Amino acid sequence: MFDTAVESTYVWLGLAVVSAGILGFALRVPTAPPPDAKPVAHTIDSVAASPHEATARHPVDARGIRIGAHRVGLRGPGGDAHASLAYGPVVRVAGGDGDRLRRVLRGVPPERVFRSESTFARVLDRSRTTEPSWRPAPETLLVRRVSWGDTNATLVGA
């Protein structure tokens, strides 16, 4: 009734191909869940929503981080996770003018770092329009809402 010859070369070859495919799929499945980006976004939003200057720190358990003006992403061994920011745009502190902005992020008043409010505003605009990229994640993310005259910004970085 069932006359498939088990010793047939084609049956064994097909079984080997299917087994290799299943093994390959099983090895590709991540062993850990992706990092949770929502708590990071919540911390950024809580500072950005403040009507006054505010500062917060949030531990980051990820390998990489990507901070955009309206979105944050985390990368870990289990994959990538993203969360939208309700109170944007935020300013990512990295590269270029990042050294001056990093000093402001760490607590130095902007008027002691920049010559004028207009210079501060130009640096913020340039940083906001820079395309976000994946960077190594810091152990702790710093978030600071800062104001100088009519210029307000939420700085995010390490």
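## Surface and burial

The accessible surface of the protein comes to about 9,800 Å², and carbon and sulfur atoms hold 55% of that surface. These values come from a predicted model. Of the 158 residues in the protein, 37% are buried.

## Elements and contacts

Five helices and eight strands make up the elements of the protein. Read from the N terminus, their order is α-α-β-β-β-β-β-α-α-α-β-β-β.

Contacts in the protein can also be sorted by sequence separation. Among those with a separation of 6 or more, 65% are between residues 24 or more positions apart.

## The four-stranded sheet

Four strands form an open sheet in the order β1-β7-β8-β5, and the pairing is mixed. Its edge strands are β1, residues 54-59, and β5, residues 91-92, each of which pairs on one side only.

The pairing between β5 and β8 (residues 151-157) is parallel and consists of two bridges. For R92, the bridge partner in β8 is V156.

## Helices against the sheet

Helix α2, residues 38-48, packs on the sheet. The strands it touches are β1, β7 (140-148) and β8, and the direction of helix α2 makes about 20° with that of β7.

Helix α5, residues 117-129, lies across β5, β7 and β8. Relative to β8, helix α5 runs at about 45°.

Definitions and conventions:
Residues numbered from 1 in each chain as written. Predicted model: local features only at pLDDT ≥ 70, side-chain atom pairs only at ≥ 80, totals over all residues. Heavy atoms only, no water. Pairing = 2+ DSSP bridges. Contact = heavy atoms within 4.5 Å. Axes fitted to C-alpha atoms, helices over the stretch in contact; angles between N-to-C directions. Buried < 20%, exposed > 50% of the residue type's maximum accessible area, 1.4 Å probe, protein only. Areas by Shrake-Rupley, 256 points an atom, 1.4 Å probe, with all protein chains shown as cover.
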